Amino acid sequence: MKRILLPKPGSRSYVLLQALIAGPGTFYQIAERAGFDIEEAGMEHRLRMTFSRGIQGHARLDGIMYVLKEA
């Protein structure tokens, strides 16, 4: 079984993962909880890319909610 590494502390992926640890939520709820302003030019796109690449191994999409795969 391949071990999934945690993102580097301080990275965008790490901050999003910390927000997800606080509880499941939609993309917008997690981004808000992490303190990102998705109204900033290009931020929503960058965050969506981070969700799909950076924390994909740690989270799964359940309907419209992102939840942790493992503790």
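The following conversation discusses a predicted model of a protein chain.

Reader: To begin, how many helices and strands does the chain have?

Author: The chain has three helices and two strands. Along the sequence they follow the pattern α-α-α-β-β. The radius of gyration is 11 Å, close to the 11 Å that the globule rule gives for 71 residues, so the chain is as compact as a globular protein of that length.

Reader: What box do the C-alpha atoms fill?

Author: Taken along the principal axes, the box is roughly 40 × 25 × 20 Å.

Reader: And what share of the residues counts as buried?

Author: Of the 71 residues, 31% count as buried. The chain exposes about 5,000 Å², and carbon and sulfur atoms supply 54% of that area.

Reader: What part of the contacts comes from residues 24 or more positions apart?

Author: Such pairs account for 44% of the contacts in the chain with a separation of 6 or more.

Reader: Let us turn to charges. How many salt bridges does the structure hold?

Author: There are two salt bridges. One joins Arg46 to Glu40, with the closest N and O atoms 3.6 Å apart. The other joins Arg48 to Glu44, and there the closest N and O atoms are 3.3 Å apart.

Reader: Where do Arg48 and Glu44 lie?

Author: Both are in helix α3, which covers residues 43-54. They are four residues apart, about one turn of the helix.

Reader: How far apart are the mean positions of the positive and negative charges?

Author: The mean positions of the 10 positive and 7 negative charges are 12 Å apart.

Reader: A change of topic: where is Gly35 placed?

Author: Gly35 is in the loop between α2 (27-34) and α3.

Reader: Is Gly35 buried or exposed?

Author: Gly35 counts as exposed, at 63% relative accessibility.

Reader: Finally, what separates the C-alpha atoms of Gly35 and Leu17?

Author: Those C-alpha atoms are separated by 12 Å, while Gly35 and Leu17 are 18 residues apart along the chain.

Conventions
Residues are numbered from 1 along each chain as its sequence is written. This is a predicted model: local features need pLDDT of at least 70, side-chain atom pairs count only at pLDDT 80 or more; totals for chains, interfaces and linings use all residues. Side-chain values use heavy atoms; hydrogens and water are left out. A salt bridge is a side-chain nitrogen of Lys or Arg within 4 Å of a carboxyl oxygen of Asp or Glu. Buried means under 20% relative accessible area, exposed over 50%, partly exposed in between (1.4 Å probe, protein chains only). The radius of gyration is taken over C-alpha atoms; the globule rule is 2.2 Å times the number of residues to the power 0.38. Contact means heavy atoms within 4.5 Å. Accessible areas come from the Shrake-Rupley method with a 1.4 Å probe; for residues, only the protein chains shown count as cover. Lys and Arg count as positive and Asp and Glu as negative; His and the chain ends are not counted. The place of a charge is taken as NZ of Lys, CZ of Arg, CG of Asp or CD of Glu.
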